[in-house]
Structures are given as C-alpha cells and as structure tokens.
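Please keep the sequence and the structure in view while reading.

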Amino acid sequence: MSFDISRKDSTRSNVRFKDQNLLKNSFPNFEQIRRNGKLCDVTLIADGQQFSAHKIVLAATIPYFDAMFLSNMSEASKREIYIHDLDPSMLEAFIIFAYTGEIQITPANVQAVLISASFLQIDSIRNFCCKYIEERLTLENLISVRSFASSFLCSNLVTACDQLIYANFEALMDSPIFYSLTGPELLKMLESDDLQVSSEDRVFHAVIAWCEHEEPPPTPKTTAILTTPPTASLQKFRSSMSLQSLCLGGETASKSIFDKSLPPDIMSMSAGPKFACLRTSNQPLPPPLSVSKTEASGRLEKSQNPRLKFLPDLLARVRLPLLPARFIRDVVSKNEFIRSDIRCRDLLDETRDMLLLPDSTSPKSCSFICRPRRGQEVPGVIYAVGGITADGDCQSIVEAYHPLLDRWEVVESMSTQRSRIAVVVLNGCLYAIGGLDGTSRLNTVERFDPKTGVWHRVASMNYRRSALGAAVLNGRIYVCGGYDGVASLRTCEVYNPDQNRWQVIPSMTECRSAGGVVALPDGRLFAIGGHNGLPIFASVECYHRRGHNQRPTAAVAATGGGGVGTGASTTVMPSGVWRQVAPMLNRRCRHGVATLQGRIFAAGGYNGSIFLRSVEMFDPSAGPLEPGGLIGQWTELSSMKTPRSRVSLAASAGRLYAIGGFDGERNLNTVECFQRREGRIFCDYETAKPNRKASVFHLMSDDDLEESIEVEPRKSVCSMGFFGDPGYTPATPSPVMRLAEGLDLHCSCVSGGLNCPLPSTSAGHSRTSSSSASSVCKDSQFFDWQWVPAVPLIAHEGGVGVGVIPIY
C-alpha cells in the first residue's frame with residue numbers, strides 16, 4: 001500500500017537525519033570486537049607477543065599504519081606483521097589507543113610513550129608527553145631531559161629546558177648535575193645572553209671547576225647497559241647521556257625494553273612544586289689554589305683530563321671584559337691551565353687591551369661578547385661633574401671612575417663652572433644641565449662625547465634652574481623643579497635631541513627644589529622629596545608620558561626669572577598627569593636617587609634638623625596597603641657609614657655608589673659602595689681624609705633654604721639609620737627607631753604605617769598610616785647588602801652631579 005504524505009505548505013519534504021550518538025556508542029564496540037578476535041584481519045607481532053587488530057581501524061587512527069596499509073607496501077597484503085622497534089607493552093597500549101582514543105601516561109612510562117609516539121608519528125601524544133615532562137622538570141633531571149628531548153627533536157621541550165637552565169644557572173653550577181654537561185652543551189649555554197648570573201666571575205669559576213672535574217670510571221652495570229646491542233631506532237636514545245626512569249616514589253615501572261635501557265637512580269620526577277629543591281647560593285666559589293711553577297708543571301704533565309681541550313673555547317665565552325681588572329690579574333691570569341695554554345693567554349692579552357685602552361678596541365672586532373647577560377647590571381663609567389671647591393667656589397672639573405679598573409681619573413672639563421647641576425646620560429653622551437655658576441642660575445646645557453673628549457653647547461632650557469632633578473626616559477631628557485634665584489619651581493620640560501629643542505610639559509603638583517628625579521623603563525617618571533623653601537617633603541609624585549596624549553596648545557612660557565634659551569619651545573602640554581604615590585619613610589632634600597634592579601633608592605640628604613645617612617628603597621610594583629591607598633612601598637635598608645647631604649647616587653655593574661656630599665662638618669671626597677656582603681671591601685680607602693672642617697657655616701644648601709647652624713661635635717651629627725646597625729644610637733630617634741622599640745628585632749618584617757609623627761609640615765605632606773605604604777622589612781632582596789668604602793674622588797669636594805655611561 002502506498003500513500004502520499006507530501007504537503008502543500010512550505011514545510012521541507014527532504015530532510016537529513018544524523019545520529020549524534022552513533023560514533024560515541026559504536027566506536028567502543030570495536031575494541032570489544034577486537035578483544036574477542038572477531039573480524040580481525042592483521043596480527044602484529046613484537047618480541048614474540050601477538051596482537052590482533054583491524055587494518056582499517058589502525059590505518060584510520062595511526063599515521064604509521066596508514067602509510068603501511070594504504071601505500072602499496074608489502075605489509076598491506078600480509079596477515080602477520082613484525083614490529084621490531086616497539087616494546088610489546090607499548091605496542092599493545094597504542095593498539096588500544098587506536099580503538100579507544102585513550103592511553104595511560106605515568107612518570108614510569110612517559111619516555112617510552114613519547115618514543116613510541118614518535119615512531120608511530122602520533123603528534124598529539126608526543127606533544128602531550130613533552131608537556132607532561134615539562135611540568136615535572138627539576139634541577140636533578142633538567143640536563144638529562146634536555147639531552148633526551150634533543151635526541152628526539154622535541155623542540156618545545158628543549159626550549160623549556162633551556163629557559164629553566166638559563167634562569168637557574170647559578171643553582172645548577174652548585175649541583176653535581178652540572179658536571180654531567182658535555183663540552184658542546186656548556187659552550188652553547190655560555191653563548192646565551194639569557195644566562196642569568198649575578199656576575200661574570202661566577203661563570204669563570206664554574207668553567208674552571210667543570211674543566212678540572214674528572215669523570216669517574218664507568219661502573220660495570222653502566223657498561224653493560226651501554227654495550228647492550230640496541231635496535232636501530234633506539235640507538236640515539238640509549239647512547240644519549242644517562243637518561244632516567246622518571247618514576248614517582250612508590251610507583252612500579254612497567255617491564256619494557258625502555259625501562260631496562262635506563263640507568264637507575266640518576267634522576268626522578270617530582271609531582272611537588274617546580275624547582276622546590278633549588279637553592280640559591282651567594283657564596284663565591286673558592287679561588288684556585290696557588291701552586292709553584294714546579295708543582296704546576298708536574299700537575300699539567302700528569303693531567304689527562306679530556307675536558308681541558310674545551311678550556312680556550314669556554315674562556316672565550318666568558319665575558320672577561322666585564323670582569324674587574326683586579327680579578328683578571330689576581331685570579332684569571334694566575335690559573336695554571338690558562339697560563340699553560342697559548343690560546344688562553346692570547347685571550348687574556350686581548351682582555352687587558354680592552355680594559356686599559358677601550359677607545360682603541362672595538363667590541364665588534366674582539367673575541368668576546370661584551371654586552372651584559374640578562375640579570376646582570378650594565379657596567380658603566382661614572383662621571384663626577386662640577387660641584388664646589390674647598391673654598392665654596394663653583395668649578396668645571398670632571399673626573400671619571402671605571403669600576404672594572406677601580407680608579408678615578410680627570411677628564412676634559414666643562415666650558416662653564418657649575419654647581420648644583422643635574423647630569424644625565426643619553427645616547428652615550430653626558431649632559432650637564434643648568435646649575436649655578438657662582439653668581440646666577442643657568443639654563444644652559446652642555447654635552448660631552450667621551451669618544452671625542454669634547455664638550456659642546458646644546459639648546460638651553462626654557463627656565464633657569466639650579467638644584468633641579470633630571471632623568472632620561474624613552475630617548476628624551478626630562479627636567480623637573482629646581483630654583484630660579486627667586487623661588488622653587490614646579491615646572492617641567494623635556495629635551496628632544498633629534499630636534500635640539502626643549503618643550504614644556506605638565507608641571508608637578510608641588511614646587512620642588514633639591515629633590516630627586518628618576519625614570520623607570522615602563523615609562524614612569526618619579527619626583528622624590530625636596531623642599532619648596534621651608535617645608536621638606538617626604539612625598540613622591542609620578543608622571544606617565546602617556547598621560548598627555550592630548551593635542552598641545554601654544555602658550556608663552558613664563559621664565560620665572562630665567563630667560564628662554566636658543567632652541568627652546570613654548571608649547572605647553574595639558575596638565576593633570578602627575579599623581580601622588582607612596583611617600584618616603586623620611587623627609588629628605590639634597591639626597592641622592594638612583595634605580596637598580598627595578599627599584600628606586602633614596603640615600604642621605606637633610607631632613608631639616610639632621611644630616612641623614614639612612615637609605616630607603618621604593619618598590620613601584622607594590623599595590624596600596626589598603627583600598628584607596630597610594631601605590632608603591634618604601635623599605636628601609638642598611639644605612640651609609642657617613643651622613644651625606646648633597647650626595648649623588650649612581651648605579652654601575654650591579655652596585656650603588658654614594659659619591660661625595662656634606663656630612664655637617666666637612667665637604668666629602670669619600671665614596672661608599674652598596675653591594676652584597678660577600679663582595680670585596682675596599683678597606684684601604686677607609687682612611688680617606690675629608691677636605692674641610694667648619695665650626696660655623698652658612699647653610700646656602702640649594703639656594704632657597706638659608707639657615708645659620710652652629711655645628712655640634714661630630715658625634716651629634718647623625719642620621720636616621722637602619723635599626724639593625726650595631727652600635728648606632730641617633731641623637732634624635734627616628735620614627736623607625738621609635739617603631740622598633742620594644743619589638744623583637746629577629747622578626748622577619750615590621751610593616752604598616754608609621755604611627756609616630758614626624759615634625760609637623762604642611763597638610764599636604766603629613767605622614768599618616770592611611771596614606772603611606774611603607775615598611776621596615778628584613779626580608780628585602782637587598783637586606784644582605786652593605787655599604788663599604790670605595791675609591792675616593794681625586795679632584796672634587798662636596799656635592800657633584802653624576803652620570804653613568806655604559807662601557808660597551
């Protein structure tokens with residue numbers, strides 16, 4: 001019987017039905033059919049064990065069998081196929097995967113699974129195994145995993161291992177695993193800029209230790225493993241450096257050919273936190289023992305260590321020009337193996353030439369890479385510019401300190417006498433900005449090129465300024481505040497070297513003279529402390545250049561007592577981009593500021609009653625301590641040995657240098673260096689004599705704060721120091737000292753607002769717990785640093801401007 005069900009309306013007559021559950025419900029049945037031996041048309045044989053399967057299923061799910069059965073290979077017509085390169089347990093696991101899409105991966109079998117997946121060309125499993133191993137990397141298995149990954153061309157896993165090796169190289173150097181590196185592997189590591197080491201001397205000591213390490217003879221067990229005839233596809237795997245079982249504690253490894261090939265008890269994977277076992281060591285490796293020439297000759301003749309053949313190439317990858325000259329002389333050049341190798345001696349001669357005659361040697365043509373590695377601070381020549389003489393006169397003298405040579409030398413003087421100036425470095429040139437020439441405040445600017453040794457005048461600022469702050473940001477010079485001879489300034493301007501012109505930008509929220517200005521690479525500019533004639537500030541404000549992306553308006557810039565110089569611009573940017581951030585722990589003017597390792601440091605200065613030796617550090621990444629609070633956090637660090645007002649702070653080669661200043665009695669030519677405690681102490685400079693003593697002096701300070709002060713005996717001129725300094729008792733306890741009284745000084749951190757008020761000032765600068773993000777933290781990354789005497793100035797006294805030009 002037939003009938004017509006067609007409709008006359010618009011409903012479709014032809015439709016397609018699809019069972020969404022067909023594949024989900026039927027595919028698992030294939031595995032059950034296979035296990036029952038039904039309809040199977042192929043038997044795979046591995047090491048005598050047989051596994052039945054269906055060619056169509058294998059070809060559809062595994063690329064290796066797709067090529068075998070569908071490419072006219074001889075196996076396509078066979079019912080029995082021998083698989084010689086797979087372990088039976090792995091072959092069975094992958095056959096089950098072909099039917100179910102699942103395979104079990106454990107630390108005990110992940111290497112075997114990855115190798116089998118590579119053989120069968122199943123990229124999804126191979127990539128998952130690489131990710132599985134990457135998540136379980138530890139210091140103990142890192143080197144062997146990298147060798148394994150390299151053997152099987154697992155590029156992502158190799159990259160992950162390299163990144164962790166570079167990031168934890170110092171911990172690796174202190175581990176026995178370091179000595180399992182091959183020569184080519186160590187050479188490749190040392191070439192990388194990403195190698196994170198605190199200093200290059202650590203790399204040198206590690207190279208020498210690796211070269212002197214002698215491999216123990218192989219144990220009979222290891223020899224048996226290495227001499228077992230492997231199959232062709234596993235030759236690379238078994239001959240690679242000691243691979244490991246990767247077993248978690250308590251798990252039993254599957255019995256397979258892969259497990260037998262792995263030397264036991266070499267490394268293990270941990271499911272715990274990544275790199276929980278890493279330890280960081282700040283202790284320097286021991287220097288090589290001094291031996292006589294006879295002893296050295298005998299040792300060299302007896303040494304048959306094959307690693308020594310890599311020494312010249314390894315030494316060429318140590319960035320010797322970044323090492324101090326004293327280290328080159330006292331450690332590197334006295335190593336017996338280096339002295340006995342002519343290629344190593346040639347490298348030493350080239351290093352000496354670069355250190356002693358930097359202008360005659362181009363880094364591009366030398367045998368070394370001269371740029372610092374990631375994590376290393378750039379070594380630079382510190383220039384001390386201008387300042388005052390012992391009689392209080394302004395001067396134009398310039399001297400330079402080379403941190404690798406550890407000495408000051410006088411260079412070309414400026415064309416103008418300047419004190420209370422700002423000094424910055426831009427594009428390898430030194431800029432001396434504004435200041436006081438003895439009679440008037442200046443808006444002129446000079447530029448010094450160390451390659452030519454000549455000073456040139458550039459465009460003058462819009463405003464006359466002394467006691468100003470300046471910093472370089474994104475290829476521009478920013479100047480803020482200062483004193484124009486009448487009043488403190490809050491105006492700011494920026495210099496474009498390509499156009500040789502100055503442009504006015506939004507003013508600060510406060511007038512600031514004798515403050516500090518620094519810039520961070522993220523585009524933020526910070527104005528720190530200072531005063532406006534009477535009140536001394538603890539406040540800090542931040543300027544972000546993206547805050548004035550509006551269209552500028554033309555206006556005539558008021559000079560405020562200073563004329564507009566040649567090349568100056570009167571274009572004014574819109575206001576409102578300066579924002580308050582967390583204030584300092586102490587009020588400061590005439591202090592030094594600098595940046596190091598992403599932190600801002602403020603040292604010394606004057607707080608209105610005493611000259612300071614205290615030092616504090618600002619973390620710009622810290623959030624407010626409470627909702628609506630100010631961003632950033634200040635931490636008190638170890639104090640300088642001497643109170644220093646009008647001090648300059650400079651960062652070079654991962655250290656801070658506090659240069660010159662005034663301690664309340666004398667203008668200082670001394671220098672202090674802030675470094676790790678294990679660093680070299682310049683004890684021979686501790687007796688450097690100050691230059692001038694005064695019983696009564698007229699405090700002209702920074703032009704706008706005048707005060708006659710009767711100087712008390714030296715013991716009463718002290719600062720608010722770090723409360724952990726032994727034997728230090730200030731004449732007037734600082735808020736930090738008052739806060740610490742009655743507390744257990746062994747606690748890790750005292751944080752929060754300071755409840756003990758400082759001397760009263762304007763309301764805008766009151767220090768309350770609600771507005772301050774500050775702490776005295778003994779867990780700071782700089783807590784184990786200390787101030788030590790450094791090489792004193794040779795031509796300057798008192799306050800100088802400083803700038804740092806990178807050496808290479």
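Buried means under 20% relative accessible area, exposed over 50%, and partly exposed in between, with a 1.4 Å probe and protein chains only. By that rule Cys 480 counts as buried, at 4% relative accessibility. This is a predicted model, in which local features need pLDDT of at least 70 and side-chain atom pairs count only at pLDDT 80 or more, whereas totals for chains, interfaces and linings use all residues. Residues are numbered from 1 along each chain as its sequence is written, and side-chain values use heavy atoms, with hydrogens and water left out.

**Overall make-up**

- The protein chain has 20 helices and 33 strands, where helices (H or I, at least four residues) and strands (E, at least two) are DSSP runs numbered from the N terminus.
- Of the 808 residues in the protein chain, 52% are buried, and the accessible surface comes to about 37,600 Å², with 51% of that surface belonging to carbon and sulfur atoms; accessible areas come from the Shrake-Rupley method with a 1.4 Å probe, and for residues only the protein chains shown count as cover.
- Among contacts in the protein chain with a separation of 6 or more, 64% are between residues 24 or more positions apart, a contact being heavy atoms within 4.5 Å.

- Four strands form an open sheet with antiparallel pairing in the order E6-E5-E4-E33, two strands being paired if DSSP finds at least two bridges between them.
- Strand E6 (407-411) and strand E33 (801-806) are the edge strands, each pairing on one side only.
- Within this sheet, neighbouring strands are turned by 25 degrees against each other on average, direction ignored; axes are lines fitted to C-alpha atoms, for helices over the stretch in contact, and angles run from 0 to 180 degrees between N-to-C directions.
- Strand E4 (residues 380-385) and strand E5 (residues 398-402) run antiparallel and are joined by four bridges, with Tyr 401 in E5 as the bridge partner of Ile 382.
- The loop between E4 and E5 contains Ser 396, which counts as buried at 16% relative accessibility and touches Ser 413, Met 414, Thr 416 and Gln 417, not counting residues up to four places away in sequence.

- Strand E25 (residues 648-652) is largely enclosed by the rest of the structure, because four of its five residues are buried.
- Five bridges connect E25 with the antiparallel strand E26 (residues 655-662), and Ser 652 stands opposite Arg 655 in E26.
- Two residues lie between E25 and E26 in this hairpin, and Ala 653 in the turn has a positive phi of about 55 degrees.

**Cysteines**

- The structure holds zero disulfides, a disulfide being a pair of cysteine sulfur atoms within 2.5 Å.
- Cys 211 is in no disulfide, and the nearest cysteine sulfur, that of Cys 344, is 8.5 Å away; Cys 211 counts as buried at 2% relative accessibility.
- Cys 480 is likewise in no disulfide, with the nearest cysteine sulfur, that of Cys 492, 3.7 Å away.

**Aromatic pairs**

- The count of aromatic pairs is 25, where rings of Phe, Tyr and Trp (its six-membered ring) pair if their centres lie within 6.5 Å, and planes under 30 degrees apart count as stacked, over 60 as edge-to-face and the rest as tilted.
- Tyr 543 and Trp 578 form a tilted pair, at 5.1 Å centre to centre and 35 degrees between the planes.
- Because Tyr 543 lies in strand E17 (residues 540-544) and Trp 578 in strand E20 (residues 578-581), this pair ties together parts that are 35 residues apart in sequence.
- Tyr 543 is buried, with a relative accessible area of 0%, and Trp 578 counts as buried at 4% relative accessibility.
- Phe 601, Phe 674, Phe 782, Trp 785 and Trp 787 are linked into a cluster by ring pairs.
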